[in-house]
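Subject: A structure for you to look at

Hi there,

Here is the structure I promised to pass on to you. Have it open on your screen while you read, and take your time with each part.

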Amino acid sequence: MKGKVRIHLVDSCYQLHSLSQYEFVHPVQRALERAGSSCRICHYTTVDEESLEGCDKVVLCGTALKDNAYLDHLDRYRWLEKMARPVLGICAGMQVIAALFGGEIITRPEPAIGLERIDVNRPSSLLGPCREIEVYHLHSHDVSLPDEFLSLAGGDEAPEAFSHRSQPIWGLMFHPEVRNRWILERFANL
Amino acid sequence: MFSGGKDSVYACWRAQEQNTVACLITLLSKNPDSYMFHTPNIRYASYQAEAMNVPQLSWPTKGIEEKELEDLQAALAEARDCYDLQGIVTGAIESVYQAARVQRICHSLDLWCFNPLWQIDQIDYLRTLIRDGFRVIVSGVYAYPFDASWLGAELTEERVMRLAQLQERYQINPSGEGGEIETFVLDSPLYGKRIEILSATRIYAHYRGQYIIEEMRLVEK
(Lines give C-alpha, C1' and ligand atoms only; values in the text may rest on other atoms or scores of the structure.)
Protein backbone atom coordinates (compact mmCIF):
# COMPACT_ATOMS: atom_id res chain seq x y z
CA MET A 1 0.00 0.00 0.00
CA LYS A 2 1.26 3.48 -0.90
CA GLY A 3 2.23 5.56 2.16
CA LYS A 4 1.34 9.18 2.78
CA VAL A 5 3.16 11.82 0.78
CA ARG A 6 5.51 13.66 3.17
CA ILE A 7 5.56 17.39 2.55
CA HIS A 8 7.82 19.90 4.26
CA LEU A 9 6.27 23.35 4.62
CA VAL A 10 8.86 26.09 4.75
CA ASP A 11 7.66 28.99 6.92
CA SER A 12 9.18 32.21 5.54
CA CYS A 13 7.58 34.50 8.13
CA TYR A 14 9.59 37.04 10.12
CA GLN A 15 10.31 34.72 13.06
CA LEU A 16 9.84 31.16 14.26
CA HIS A 17 6.31 30.47 15.60
CA SER A 18 5.12 33.94 14.60
CA LEU A 19 1.51 35.10 14.69
CA SER A 20 1.64 34.99 10.87
CA GLN A 21 2.21 31.24 10.88
CA TYR A 22 -1.48 30.72 11.69
CA GLU A 23 -2.40 32.69 8.59
CA PHE A 24 0.14 31.67 5.97
CA VAL A 25 1.35 28.18 6.94
CA HIS A 26 -1.41 26.38 8.86
CA PRO A 27 -4.10 26.84 6.16
CA VAL A 28 -1.73 25.28 3.60
CA GLN A 29 -0.96 22.46 6.03
CA ARG A 30 -4.66 21.73 6.59
CA ALA A 31 -5.39 21.67 2.86
CA LEU A 32 -2.51 19.27 2.17
CA GLU A 33 -3.42 17.02 5.09
CA ARG A 34 -7.02 16.89 3.89
CA ALA A 35 -5.57 15.69 0.59
CA GLY A 36 -3.93 12.78 2.44
CA SER A 37 -0.39 14.13 2.90
CA SER A 38 1.57 14.35 6.12
CA CYS A 39 3.20 17.73 6.75
CA ARG A 40 6.08 19.06 8.75
CA ILE A 41 6.66 22.77 9.29
CA CYS A 42 10.17 24.22 9.39
CA HIS A 43 11.29 27.84 9.53
CA TYR A 44 13.40 29.03 6.59
CA THR A 45 16.28 29.90 8.91
CA THR A 46 16.63 26.25 9.91
CA VAL A 47 16.24 24.48 6.55
CA ASP A 48 19.13 22.80 4.76
CA GLU A 49 19.58 19.77 2.50
CA GLU A 50 20.04 17.49 5.50
CA SER A 51 16.83 18.62 7.20
CA LEU A 52 14.89 17.88 4.03
CA GLU A 53 15.94 14.23 3.92
CA GLY A 54 12.90 12.02 4.09
CA CYS A 55 10.47 14.48 2.54
CA ASP A 56 8.82 13.88 -0.83
CA LYS A 57 7.85 17.46 -1.66
CA VAL A 58 8.39 21.00 -0.41
CA VAL A 59 6.05 23.98 -0.21
CA LEU A 60 7.43 27.48 0.39
CA CYS A 61 4.63 29.37 2.10
CA GLY A 62 3.73 33.07 1.86
CA THR A 63 4.15 35.92 4.34
CA ALA A 64 2.26 38.98 5.54
CA LEU A 65 2.16 42.04 3.30
CA LYS A 66 4.70 43.93 5.42
CA ASP A 67 6.92 40.90 5.99
CA ASN A 68 9.86 41.03 3.60
CA ALA A 69 12.60 39.78 5.94
CA TYR A 70 13.07 36.65 3.80
CA LEU A 71 14.29 38.85 0.91
CA ASP A 72 17.33 39.80 2.98
CA HIS A 73 18.19 36.12 3.52
CA LEU A 74 17.85 34.54 0.10
CA ASP A 75 21.07 32.60 0.71
CA ARG A 76 19.09 30.56 3.26
CA TYR A 77 17.23 29.01 0.32
CA ARG A 78 20.29 27.86 -1.67
CA TRP A 79 19.30 24.24 -1.04
CA LEU A 80 16.54 24.84 -3.61
CA GLU A 81 19.06 24.94 -6.45
CA LYS A 82 19.98 21.29 -5.89
CA MET A 83 16.49 20.11 -5.01
CA ALA A 84 15.30 17.27 -7.25
CA ARG A 85 11.95 16.75 -5.55
CA PRO A 86 8.77 18.75 -6.38
CA VAL A 87 8.68 22.28 -4.97
CA LEU A 88 5.76 24.71 -4.89
CA GLY A 89 6.40 28.36 -3.99
CA ILE A 90 3.42 30.43 -2.85
CA CYS A 91 3.68 34.23 -3.16
CA ALA A 92 6.86 34.95 -1.15
CA GLY A 93 7.90 31.40 -2.07
CA MET A 94 7.52 32.18 -5.78
CA GLN A 95 9.61 35.31 -5.30
CA VAL A 96 12.37 33.27 -3.67
CA ILE A 97 12.35 30.75 -6.53
CA ALA A 98 12.43 33.53 -9.13
CA ALA A 99 15.36 35.28 -7.44
CA LEU A 100 17.40 32.07 -7.07
CA PHE A 101 16.92 31.17 -10.73
CA GLY A 102 17.93 34.56 -12.10
CA GLY A 103 14.63 36.43 -12.14
CA GLU A 104 13.99 39.84 -10.64
CA ILE A 105 11.77 40.78 -7.71
CA ILE A 106 9.95 43.99 -8.59
CA THR A 107 8.24 46.16 -5.98
CA ARG A 108 4.74 47.11 -7.10
CA PRO A 109 3.59 50.76 -6.88
CA GLU A 110 0.61 49.48 -4.87
CA PRO A 111 0.14 46.03 -3.36
CA ALA A 112 -2.25 43.52 -4.93
CA ILE A 113 -4.95 42.71 -2.36
CA GLY A 114 -8.14 40.69 -2.79
CA LEU A 115 -9.87 38.54 -5.37
CA GLU A 116 -9.02 38.91 -9.04
CA ARG A 117 -9.71 36.92 -12.19
CA ILE A 118 -6.58 35.75 -14.00
CA ASP A 119 -5.96 33.84 -17.23
CA VAL A 120 -4.37 30.41 -17.10
CA ASN A 121 -2.66 30.59 -20.50
CA ARG A 122 -0.66 27.35 -20.62
CA PRO A 123 -2.05 23.92 -19.66
CA SER A 124 -0.17 22.16 -16.87
CA SER A 125 -0.53 19.27 -14.48
CA LEU A 126 -0.82 21.78 -11.62
CA LEU A 127 -3.37 24.31 -12.91
CA GLY A 128 -5.12 22.21 -15.56
CA PRO A 129 -6.38 23.55 -18.90
CA CYS A 130 -6.34 27.16 -20.13
CA ARG A 131 -9.23 29.18 -18.69
CA GLU A 132 -10.01 32.07 -16.35
CA ILE A 133 -9.87 31.46 -12.59
CA GLU A 134 -10.51 33.70 -9.59
CA VAL A 135 -7.62 33.94 -7.12
CA TYR A 136 -6.76 35.73 -3.87
CA HIS A 137 -3.84 38.16 -3.97
CA LEU A 138 -1.82 39.56 -1.10
CA HIS A 139 1.56 40.75 -2.29
CA SER A 140 3.74 43.83 -2.65
CA HIS A 141 6.13 42.39 -5.24
CA ASP A 142 5.93 40.91 -8.74
CA VAL A 143 8.64 38.81 -10.36
CA SER A 144 10.11 38.62 -13.83
CA LEU A 145 10.14 35.25 -15.53
CA PRO A 146 13.52 33.48 -15.12
CA ASP A 147 15.02 32.07 -18.36
CA GLU A 148 14.51 28.45 -17.41
CA PHE A 149 10.83 28.94 -16.55
CA LEU A 150 7.53 28.99 -18.45
CA SER A 151 4.64 31.26 -17.50
CA LEU A 152 1.47 29.28 -16.76
CA ALA A 153 -0.82 32.20 -15.95
CA GLY A 154 -0.88 35.98 -16.20
CA GLY A 155 1.65 36.29 -19.06
CA ASP A 156 5.45 36.68 -19.13
CA GLU A 157 5.80 40.24 -17.79
CA ALA A 158 4.53 39.61 -14.26
CA PRO A 159 3.57 35.91 -14.16
CA GLU A 160 0.84 34.77 -11.78
CA ALA A 161 2.17 31.21 -12.02
CA PHE A 162 5.24 29.61 -13.51
CA SER A 163 6.97 26.26 -13.77
CA HIS A 164 10.56 25.22 -14.46
CA ARG A 165 11.10 23.87 -17.97
CA SER A 166 12.74 20.63 -16.84
CA GLN A 167 12.47 20.35 -13.05
CA PRO A 168 9.34 19.87 -10.91
CA ILE A 169 9.34 23.45 -9.56
CA TRP A 170 6.24 25.64 -9.58
CA GLY A 171 5.42 29.11 -8.31
CA LEU A 172 2.09 30.85 -7.64
CA MET A 173 1.87 34.57 -6.93
CA PHE A 174 -1.63 34.13 -5.47
CA HIS A 175 -2.68 32.19 -2.36
CA PRO A 176 -4.19 28.81 -3.32
CA GLU A 177 -5.20 28.15 0.30
CA VAL A 178 -7.91 30.78 -0.19
CA ARG A 179 -10.71 29.61 -2.51
CA ASN A 180 -8.38 27.38 -4.59
CA ARG A 181 -7.41 24.49 -2.34
CA TRP A 182 -7.81 22.17 -5.31
CA ILE A 183 -4.39 23.39 -6.51
CA LEU A 184 -2.77 22.21 -3.27
CA GLU A 185 -4.59 18.87 -3.60
CA ARG A 186 -3.23 18.55 -7.13
CA PHE A 187 0.29 19.32 -5.93
CA ALA A 188 -0.03 16.71 -3.19
CA ASN A 189 -1.13 14.13 -5.74
CA LEU A 190 1.23 14.99 -8.61
CA MET B 1 -10.25 44.85 16.36
CA PHE B 2 -12.58 43.76 19.10
CA SER B 3 -16.32 43.08 18.99
CA GLY B 4 -16.62 40.91 22.09
CA GLY B 5 -17.61 37.93 19.94
CA LYS B 6 -15.70 34.65 20.05
CA ASP B 7 -13.52 35.33 16.99
CA SER B 8 -12.07 38.59 18.24
CA VAL B 9 -11.48 37.23 21.75
CA TYR B 10 -9.80 34.09 20.40
CA ALA B 11 -7.68 36.13 17.96
CA CYS B 12 -6.62 38.23 20.95
CA TRP B 13 -5.69 35.03 22.82
CA ARG B 14 -3.47 33.98 19.95
CA ALA B 15 -1.96 37.45 19.64
CA GLN B 16 -0.88 37.63 23.25
CA GLU B 17 1.09 34.36 22.99
CA GLN B 18 4.14 36.27 21.73
CA ASN B 19 3.01 39.88 21.53
CA THR B 20 1.62 42.63 23.71
CA VAL B 21 -2.04 43.46 23.14
CA ALA B 22 -1.90 47.23 23.60
CA CYS B 23 -5.58 48.06 23.12
CA LEU B 24 -8.91 46.70 21.95
CA ILE B 25 -10.46 48.69 19.10
CA THR B 26 -14.25 48.53 19.03
CA LEU B 27 -16.39 50.05 16.29
CA LEU B 28 -19.81 50.96 17.68
CA SER B 29 -22.11 50.67 14.67
CA LYS B 30 -25.50 52.38 14.64
CA ASN B 31 -26.58 50.07 11.81
CA PRO B 32 -27.91 46.73 13.15
CA ASP B 33 -27.10 45.13 9.77
CA SER B 34 -23.53 46.47 9.56
CA TYR B 35 -21.52 44.94 6.72
CA MET B 36 -18.34 44.89 8.70
CA PHE B 37 -18.97 45.16 12.40
CA HIS B 38 -20.70 42.90 14.86
CA THR B 39 -23.51 44.76 16.68
CA PRO B 40 -25.57 42.94 19.38
CA ASN B 41 -24.42 43.80 22.86
CA ILE B 42 -21.27 45.44 21.55
CA ARG B 43 -21.59 48.18 24.14
CA TYR B 44 -20.80 45.51 26.70
CA ALA B 45 -17.41 44.85 25.11
CA SER B 46 -16.18 47.39 27.68
CA TYR B 47 -16.82 44.78 30.40
CA GLN B 48 -14.68 42.31 28.49
CA ALA B 49 -11.90 44.87 28.13
CA GLU B 50 -12.04 45.40 31.89
CA ALA B 51 -12.03 41.64 32.49
CA MET B 52 -8.91 41.40 30.31
CA ASN B 53 -7.36 44.51 31.85
CA VAL B 54 -6.63 45.94 28.40
CA PRO B 55 -7.52 49.53 27.37
CA GLN B 56 -10.35 49.88 24.89
CA LEU B 57 -10.73 52.45 22.15
CA SER B 58 -14.41 52.77 21.14
CA TRP B 59 -15.17 54.51 17.88
CA PRO B 60 -18.63 55.39 16.53
CA THR B 61 -19.74 54.55 12.99
CA LYS B 62 -23.07 54.97 11.25
CA GLY B 63 -22.46 51.62 9.63
CA ILE B 64 -23.08 52.70 6.04
CA GLU B 65 -21.44 50.30 3.57
CA GLU B 66 -18.00 51.52 2.43
CA LYS B 67 -18.40 54.74 4.52
CA GLU B 68 -17.83 52.61 7.61
CA LEU B 69 -14.41 51.76 6.21
CA GLU B 70 -13.46 55.42 6.54
CA ASP B 71 -14.57 55.23 10.18
CA LEU B 72 -12.48 52.08 10.65
CA GLN B 73 -9.46 53.80 9.13
CA ALA B 74 -9.89 56.77 11.47
CA ALA B 75 -10.22 54.44 14.47
CA LEU B 76 -7.10 52.47 13.55
CA ALA B 77 -5.13 55.68 12.95
CA GLU B 78 -6.18 57.00 16.36
CA ALA B 79 -5.27 53.70 18.05
CA ARG B 80 -1.91 53.57 16.25
CA ASP B 81 -1.04 57.07 17.43
CA CYS B 82 -2.36 56.69 20.99
CA TYR B 83 -0.91 53.25 21.71
CA ASP B 84 2.12 53.19 19.38
CA LEU B 85 0.74 50.12 17.59
CA GLN B 86 2.76 48.14 15.09
CA GLY B 87 -0.09 46.00 13.85
CA ILE B 88 -3.75 45.06 13.94
CA VAL B 89 -5.23 41.64 14.73
CA THR B 90 -8.63 40.57 13.36
CA GLY B 91 -10.85 37.53 13.83
CA ALA B 92 -11.49 37.06 10.10
CA ILE B 93 -11.94 33.40 9.12
CA GLU B 94 -13.26 33.11 5.57
CA SER B 95 -14.53 36.54 4.60
CA VAL B 96 -12.34 37.81 1.78
CA TYR B 97 -14.60 40.89 1.76
CA GLN B 98 -13.61 41.83 5.31
CA ALA B 99 -10.02 40.67 5.14
CA ALA B 100 -9.14 42.51 1.92
CA ARG B 101 -10.59 45.77 3.17
CA VAL B 102 -8.75 45.62 6.47
CA GLN B 103 -5.52 44.69 4.66
CA ARG B 104 -5.84 47.78 2.46
CA ILE B 105 -6.48 50.06 5.42
CA CYS B 106 -3.52 48.61 7.33
CA HIS B 107 -1.31 49.13 4.29
CA SER B 108 -2.37 52.76 4.03
CA LEU B 109 -1.55 53.26 7.74
CA ASP B 110 1.74 51.33 7.55
CA LEU B 111 0.46 48.71 10.03
CA TRP B 112 0.95 44.96 10.04
CA CYS B 113 -2.26 42.98 9.66
CA PHE B 114 -2.69 39.60 11.35
CA ASN B 115 -5.57 37.16 10.88
CA PRO B 116 -4.72 34.20 13.13
CA LEU B 117 -8.03 32.39 12.46
CA TRP B 118 -7.71 32.69 8.68
CA GLN B 119 -9.12 29.65 6.83
CA ILE B 120 -9.39 27.65 10.05
CA ASP B 121 -11.61 24.55 10.07
CA GLN B 122 -14.68 26.03 11.71
CA ILE B 123 -15.98 22.97 13.53
CA ASP B 124 -12.51 22.16 14.90
CA TYR B 125 -12.22 25.77 15.97
CA LEU B 126 -15.52 25.73 17.87
CA ARG B 127 -14.38 22.61 19.73
CA THR B 128 -11.05 24.29 20.49
CA LEU B 129 -12.89 27.22 22.06
CA ILE B 130 -14.70 24.90 24.46
CA ARG B 131 -11.56 22.89 25.22
CA ASP B 132 -9.50 26.02 25.93
CA GLY B 133 -12.02 27.40 28.42
CA PHE B 134 -13.92 29.96 26.38
CA ARG B 135 -17.51 30.38 27.58
CA VAL B 136 -19.42 31.63 24.56
CA ILE B 137 -23.14 32.42 24.26
CA VAL B 138 -25.18 33.06 21.13
CA SER B 139 -26.24 36.72 21.22
CA GLY B 140 -27.98 36.90 17.86
CA VAL B 141 -29.41 34.70 15.09
CA TYR B 142 -30.07 35.98 11.59
CA ALA B 143 -30.83 33.06 9.31
CA TYR B 144 -33.00 30.01 8.73
CA PRO B 145 -33.15 27.51 10.48
CA PHE B 146 -32.00 29.08 13.78
CA ASP B 147 -34.88 29.15 16.26
CA ALA B 148 -35.27 31.09 19.51
CA SER B 149 -33.68 28.29 21.57
CA TRP B 150 -30.28 29.45 20.31
CA LEU B 151 -30.60 32.89 21.91
CA GLY B 152 -28.51 33.03 25.07
CA ALA B 153 -27.51 29.36 24.66
CA GLU B 154 -23.93 28.51 25.62
CA LEU B 155 -21.68 26.88 23.05
CA THR B 156 -21.40 23.23 24.08
CA GLU B 157 -20.32 20.05 22.31
CA GLU B 158 -24.00 19.33 21.59
CA ARG B 159 -24.45 22.78 20.02
CA VAL B 160 -21.28 22.30 17.95
CA MET B 161 -22.62 18.97 16.68
CA ARG B 162 -25.89 20.69 15.75
CA LEU B 163 -23.98 23.44 13.91
CA ALA B 164 -22.07 20.77 12.01
CA GLN B 165 -25.39 19.20 10.98
CA LEU B 166 -26.73 22.59 9.87
CA GLN B 167 -23.55 23.20 7.89
CA GLU B 168 -24.01 19.91 6.05
CA ARG B 169 -27.72 20.43 5.42
CA TYR B 170 -27.98 24.19 4.82
CA GLN B 171 -24.38 25.19 3.99
CA ILE B 172 -24.28 27.72 6.85
CA ASN B 173 -20.95 28.92 8.23
CA PRO B 174 -20.91 27.11 11.58
CA SER B 175 -18.86 29.89 13.14
CA GLY B 176 -21.42 32.43 11.92
CA GLU B 177 -19.07 34.49 9.81
CA GLY B 178 -21.68 34.69 7.08
CA GLY B 179 -23.83 36.62 9.55
CA GLU B 180 -25.90 33.58 10.60
CA ILE B 181 -25.13 33.95 14.30
CA GLU B 182 -23.36 36.39 16.59
CA THR B 183 -21.75 35.52 19.91
CA PHE B 184 -20.60 37.05 23.18
CA VAL B 185 -17.78 35.71 25.36
CA LEU B 186 -18.50 35.45 29.08
CA ASP B 187 -15.17 33.96 30.11
CA SER B 188 -11.84 33.02 28.59
CA PRO B 189 -8.26 32.31 29.65
CA LEU B 190 -7.58 36.01 28.98
CA TYR B 191 -10.10 37.22 31.54
CA GLY B 192 -9.00 38.01 35.08
CA LYS B 193 -12.69 38.04 36.03
CA ARG B 194 -15.64 36.34 34.41
CA ILE B 195 -18.87 38.00 33.27
CA GLU B 196 -22.17 37.10 34.87
CA ILE B 197 -25.39 38.12 33.17
CA LEU B 198 -28.01 39.31 35.66
CA SER B 199 -30.85 40.03 33.27
CA ALA B 200 -31.49 39.79 29.54
CA THR B 201 -34.39 39.70 27.08
CA ARG B 202 -34.95 37.75 23.89
CA ILE B 203 -36.44 39.27 20.75
CA TYR B 204 -37.22 36.78 17.99
CA ALA B 205 -39.32 36.58 14.82
CA HIS B 206 -38.91 34.84 11.45
CA TYR B 207 -35.49 33.34 12.14
CA ARG B 208 -34.02 36.62 13.31
CA GLY B 209 -33.48 37.39 16.96
CA GLN B 210 -31.27 38.93 19.59
CA TYR B 211 -30.37 38.10 23.15
CA ILE B 212 -30.14 41.57 24.61
CA ILE B 213 -28.13 41.83 27.80
CA GLU B 214 -29.68 44.34 30.20
CA GLU B 215 -27.51 43.93 33.27
CA MET B 216 -24.23 42.16 33.93
CA ARG B 217 -21.35 42.23 36.34
CA LEU B 218 -17.78 41.04 36.65
CA VAL B 219 -17.18 38.39 39.30
CA GLU B 220 -14.02 36.80 40.67
CA LYS B 221 -13.00 33.50 39.05
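Below is what I found, one region at a time.

Please keep in mind that this is a predicted model.

**Where the two chains meet**

Let's begin at the contact between the chains. On one side there are 17 residues of chain B, and they are in contact with 18 residues of chain A. Three elements of chain B give two or more residues each to this side: helix 1 (6-15), helix 4 (96-108) and strand 4 (112-114). Helix 4 of chain B gives the most, with 5 residues. Sorted by class, the side of chain B that touches chain A has 8 nonpolar, 6 polar and 3 charged residues.

Next, find strand 1 of chain A, residues 6-11. Is this strand enclosed or open? Of its 6 residues, 5 are buried, so the strand is largely enclosed by the rest of the structure. Strand 1 of chain A runs parallel to strand 2 (residues 38-43) of chain A, and 6 bridges join the two. If you want a place to start looking, His8(A) stands opposite Arg40(A) in strand 2 of chain A. Strand 1 of chain A also pairs with strand 3 (residues 57-60) of chain A, again in the parallel sense, over 4 bridges. There, Ile7(A) stands opposite Lys57(A).

Helix 2 of chain A covers residues 26-34, and its buried residues are His26(A), Pro27(A), Val28(A), Gln29(A), Ala31(A) and Leu32(A). Which elements do these buried residues pack against? They pack against strand 1, helix 1 (21-24), strand 2, strand 3, strand 4 (87-90) and helix 4 (181-189) of chain A. Just after helix 2 of chain A comes Gly36(A), which takes a positive phi of about 100°.

**Two helix pairs in chain B**

Now turn to chain B. Helix 3 (residues 67-83) and helix 4 of chain B pack at an angle of about 45°, and their axes are 10 Å apart. The two helices are therefore oblique to each other, and their crossing is right-handed. Leu69(B), Leu72(B), Gln73(B) and Leu76(B) in helix 3 of chain B meet Arg101(B), Ile105(B) and Ser108(B) in helix 4 of chain B. The residues of this contact divide into 4 nonpolar, 2 polar and 1 charged.

The second pair is helix 5 (residues 122-131) and helix 6 (residues 157-170) of chain B, which pack at an angle of about 170° with their axes 10 Å apart. That makes helix 5 of chain B roughly antiparallel to helix 6 of chain B. From helix 5 of chain B, Ile123(B), Leu126(B), Arg127(B) and Ile130(B) meet Glu157(B), Val160(B), Leu163(B) and Ala164(B) of helix 6 of chain B. By class, this contact has 6 nonpolar, no polar and 2 charged residues.

**The sheet of chain B**

Chain B also holds an open sheet of 4 strands, in the order 6-5-8-7, with antiparallel pairing. Strand 6 (181-187) and strand 7 of chain B stand at the edges with a single partner strand each, so one side of each has no neighbour in the sheet. Neighbouring strands of this sheet are turned by 25° against each other on average, direction ignored. Strand 5 (residues 135-141) of chain B is joined to strand 6 of chain B by 6 bridges, and Val141(B) has Ile181(B) as its bridge partner. Helix 2 (residues 45-52) of chain B packs on the sheet, touching strand 6, strand 7 and strand 8 (208-220) of chain B.

While you are at the sheet, look for Ser199(B), which lies in strand 7 (residues 193-205) of chain B. Is Ser199(B) buried or exposed? It has 9 C-beta neighbours inside 10 Å, so it counts as exposed.

**Some backbone details**

Most residues other than glycine have a negative phi, and most peptide bonds are trans. The peptide bond from Tyr144(B) to Pro145(B) is cis, with omega near 10°. Cys91(A) has a positive phi of about 55° although it is not a glycine, and with 27 C-beta neighbours inside 10 Å it counts as buried. Tyr207(B), in the loop between strand 7 and strand 8 of chain B, has a positive phi near 65°. With 14 C-beta neighbours inside 10 Å, Tyr207(B) counts as partly exposed.

Enjoy exploring!

Best wishes

Note on methods:
Residues are numbered from 1 along each chain as its sequence is written. Chains are lettered from A and ligands numbered from 1 in the order in which they are written. This is a predicted model: local features need pLDDT of at least 70, side-chain atom pairs count only at pLDDT 80 or more; totals for chains, interfaces and linings use all residues. Two residues are in contact if their C-beta atoms, placed from the backbone, lie within 7 Å. Ala, Val, Leu, Ile, Met, Phe, Trp, Tyr, Cys and Pro count as nonpolar, Asp, Glu, Lys and Arg as charged, and the others, Gly among them, as polar. A residue is buried if 20 or more other C-beta atoms lie within 10 Å of its own, exposed if 12 or fewer, and partly exposed in between; C-beta atoms are placed from the backbone. Two strands pair if DSSP finds at least two bridges between them. Axes are lines fitted to C-alpha atoms, for helices over the stretch in contact, and angles run from 0 to 180 degrees between N-to-C directions. Angles under 35 degrees count as roughly parallel, over 145 as roughly antiparallel, 65 to 115 as roughly perpendicular and the rest as oblique. A crossing is left-handed if the near helix is turned anticlockwise from the far one by less than a right angle, and right-handed if clockwise.
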